[in-house]
Amino acid sequence: MNAAQKPWEERSAARVVAPARPRKLAKVPFVELADGRLQGVVSSGSDIERVYVSSLTAANHSFHCSTNNNRPCGGIRSGGCNHLRALADEAVLQYGVARVARYLRADVAEDATTGAAVLAAVNAWHEPSAGAPVFSRFLRHLAYLELPATTEPLPELHWFPAGGAVR
Amino acid sequence: MRFDLLTTPVDGVSEAYDVVAGFDGALVGGLLRPGAEQIAALHALAAAVSGTPLAGRVAEAVEKTIAGSISDEHLAALVAARSALLGAAHDALLARLDEAAGRSRGTWPADGPGVSAGADNLLAAARSWLSDLAIAGWRGIDHDLVSHADQAVQALLAEPRLRRLGALLDGFAGELRASAPGATMPRVPVRRWADLWARAVLLAQPGALAAAEAGAVSGRLLPLGIDLHEHPTAVQAQVHAVLETADGPRLVRASVSAPKVDTLVGSGVWQLLRSHSALLAAITEQRAMELTDMPVTPGGDLIWSDAHAKPGTPAEPFATARVQLAAAAAAPVPPLERHPVRLAEPVLIEGYTTAAHDDGVTLTLPGLTLEVDLERMHGAGPLTPALVAASTACIGLLRWDGHWTIQPLAVEAQVKRKTVAVHAGAWAGGAADAAGAKAEAAAADAVKVLRERAGRLLRR
Ligand SMILES: [Zn+2]
């Protein structure tokens, strides 16, 4: 006989967050669900030195879009801008539509599959806020690949097995 | 291997977990104003260590917590008590496992006083955040509280001696970030978050991260397989191997880890590790390596350096497991690593029957049915649950998370009437199959994009 599996709440290695899915990063190098927002960075199509910082707040569905130098996005319309649409599409690729919709408290149809469906469900409205915190999250993200590897063991990573599915 | 010994419960383990569960439950609502149930749980924690040198400090910490005047020091005492209980559970489980496997294990050398790794201000910043978490409780976390960790984590990751704590806090904070606000979480991972929090409090004590004195070993290293660990911003490959030394075979591990970003997953992670350890290529090529004066910790972890290793003769892991594993001696577990989640003992099992069902795969041996730990199987190699279900022999890690499970590292399975060996870590040195190679190329592309962006935006 073997003991039955413990409930999720009682397991040390319980999986809490599903791994992100890989996606192409050229257009949207960074997207995350954090700080109560869908937020990220979209590369400019015309200027290689410029990126747009876009975000959509879960609490009231206001959105923000500006360049990394804090110039307002010129393409803002009711319901969003091209950058926010690109961000929503890539978020859906990275996290799946269900997780994005849940985080944003967006009431999407059960058969929704796209970022556009999420944006349509929230009816985003424009409210300029600060892009700097999101941009600094992006810089922090980039800095991970600059840190050196090590061959000293990290025993705490036994709590973080690769792979696996969410229960 | 006497698997029947794993069927009977180990004395004291479930009692230890009962006490720990009470304390973990108190962390859900936070330690600021414990209610009657939480106060009883804190008293039970103090009672459980009342016969130990921790007794006085834990009793005082419990009184102060109940009185609402908890300090860092009191939290450390509560964590020490919880860790002592789980450490004892770990020891009892490991002793049973060693008995079942007939494995001899060295004893830990007596510790001197911990030498501070320095950077006390960084550790203090980490402790301060961990205190705030404990006071707020999992139900009390919000986005602000979670993001307060960012600065401390960044500083810890930049300091190689403190990387262990940085990698732990980053993985933990990532889960809190994805789950906040705590008030509306449908379910709380009570044991897991208490574990991660408690280990972080331990590692944030001055001296806890002092490096153990390393020795050196030489001999032929015969890999058994790779255990892969990953959270959004870190990946670690831990190779389990038998080292043939002048004093006989011994079990060792060799790790390599790298920071990463969340979109680098699956077989894409190997390229971050490969250039730092020639051992990964040796595993794909199924070769031994000849080690000369390789640094090793008292806990059996090689501190890998390619300068101390040369490629050796072909070596097949199942041959190693059949010939060498039973006689290999194991290293003792470092005191601060003693926790049941750390149990990962390589074993060879054969002569079982398999069953695949809705919830997973089981391997039934005389006297024991072992569940396959599917959550520790990954897509970064060719080994799948279906192959495990079709297997006749398995090299795996015995693990314990409330009950014994097996994490397969490799299996022998019948494919088209031929016995083939399939290894979870087979792609460490390079993917052989088209899908794996494609995923690697996509990940390489992602790394290139991010490095280009970093070049333009980060260094200015
Ligand atoms: Zn825009």
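## Aromatic pairs

Over all chains, the count comes to eight aromatic pairs. One of them brings together A:Phe30 and A:Phe138, which are stacked, with 5.6 Å from centre to centre and 25 degrees between the planes. This pair links distant parts of the chain: A:Phe30 sits in strand S1 (residues 30-34) of chain A, while A:Phe138 sits in helix H4 (residues 132-143) of chain A, 108 residues apart. A quick reminder before you go on: this is a predicted model.

Now switch to chain B. The ring centres of B:Tyr17 and B:Trp400 are 5.6 Å apart too, but the planes make an angle of 45 degrees, so this pair is tilted. B:Tyr17 belongs to helix H1 (residues 13-29) of chain B and B:Trp400 to strand S11 (residues 391-400) of chain B, so the pair ties together parts that are 383 residues apart in sequence. B:Tyr17 and B:Trp400 are both buried.

## A ring cluster, and a charge over a ring

In chain B, ring pairs link B:Trp129, B:Trp138, B:Phe172 and B:Trp193 into a cluster.

Here's one that involves both chains: B:Arg192 lies over the face of A:Phe160, at 4.9 Å from the ring centre.

## Chain B as a whole

Time to zoom out. Chain B has 14 helices and 13 strands. Its C-alpha atoms fill a box of roughly 70 × 60 × 50 Å along the principal axes. How does the radius of gyration of chain B fit with a compact globule? For 460 residues, such a globule would have a radius near 23 Å, and chain B has 23 Å, so the two agree.

Of the 460 residues in chain B, 56% are buried. Among the contacts in chain B with a separation of 6 or more, 69% come from residues 24 or more positions apart. The accessible surface of the chain is about 17,700 Å², and carbon and sulfur atoms account for 55% of that.

Chain B is also divided into domain 1 (12-88 + 110-203) and domain 2 (215-327). Taken over C-alpha atoms, the centres of these two domains of chain B are 32 Å apart.

## A helix with buried residues

Find helix H7 (residues 149-157) of chain B. Its buried residues are B:Ala149, B:Asp150, B:Ala152, B:Val153, B:Leu156 and B:Leu157. What do the buried residues of H7(B) pack against? They pack against H4 of chain A, along with helix H5 (120-136), helix H6 (143-147) and helix H8 (163-179) of chain B.

B:His90 is in helix H4 (residues 72-101) of chain B. With a relative accessible area of 1%, B:His90 is buried. Setting aside neighbours within four places in sequence, B:His90 is in contact with B:Val333, B:Arg338, B:His339, B:Pro340 and B:Leu343. Take B:Leu343: B:His90 is 253 residues from it in sequence, yet the C-alpha to C-alpha distance is 7.5 Å.

A:Glu90 has its place in helix H1 (residues 82-95) of chain A. Its relative accessible area is 15%, and buried means under 20%, so A:Glu90 counts as buried. Not counting residues up to four places away in sequence, A:Glu90 touches A:Arg23, A:Lys24, A:Val28 and A:Val31.

## Backbone details in the loops

Which residues does a cis peptide bond join? The bond is between B:Ala180 and B:Pro181, with omega about -5 degrees. B:Pro181 is in the loop between H8 and helix H9 (190-203) of chain B.

Two other residues have a positive phi of about 55 degrees although neither is a glycine: A:Asp35 and B:Gln286. A:Asp35 lies in the loop between S1 and strand S2 (37-43) of chain A, and is partly exposed at 22% relative accessible area. B:Gln286 sits in the loop between helix H11 (278-284) and strand S4 (287-296) of chain B. With a relative accessibility of 25%, B:Gln286 is partly exposed too.

Key. Residues numbered from 1 in each chain as written. Chains lettered and ligands numbered in written order. Predicted model: local features only at pLDDT ≥ 70, side-chain atom pairs only at ≥ 80, totals over all residues. Heavy atoms only, no water. Domains from an automatic or database assignment. Phe/Tyr/Trp six-rings, centres within 6.5 Å; stacked < 30°, edge-to-face > 60°. Helix = DSSP H or I, 4+ residues; strand = E, 2+ residues; numbered from the N terminus. Buried < 20%, exposed > 50% of the residue type's maximum accessible area, 1.4 Å probe, protein only. Lys NZ or Arg CZ within 6 Å of the ring centre and 35° of its normal. Rg over C-alpha atoms; globule rule 2.2 N^0.38 Å. Contact = heavy atoms within 4.5 Å. Areas by Shrake-Rupley, 256 points an atom, 1.4 Å probe, with all protein chains shown as cover.
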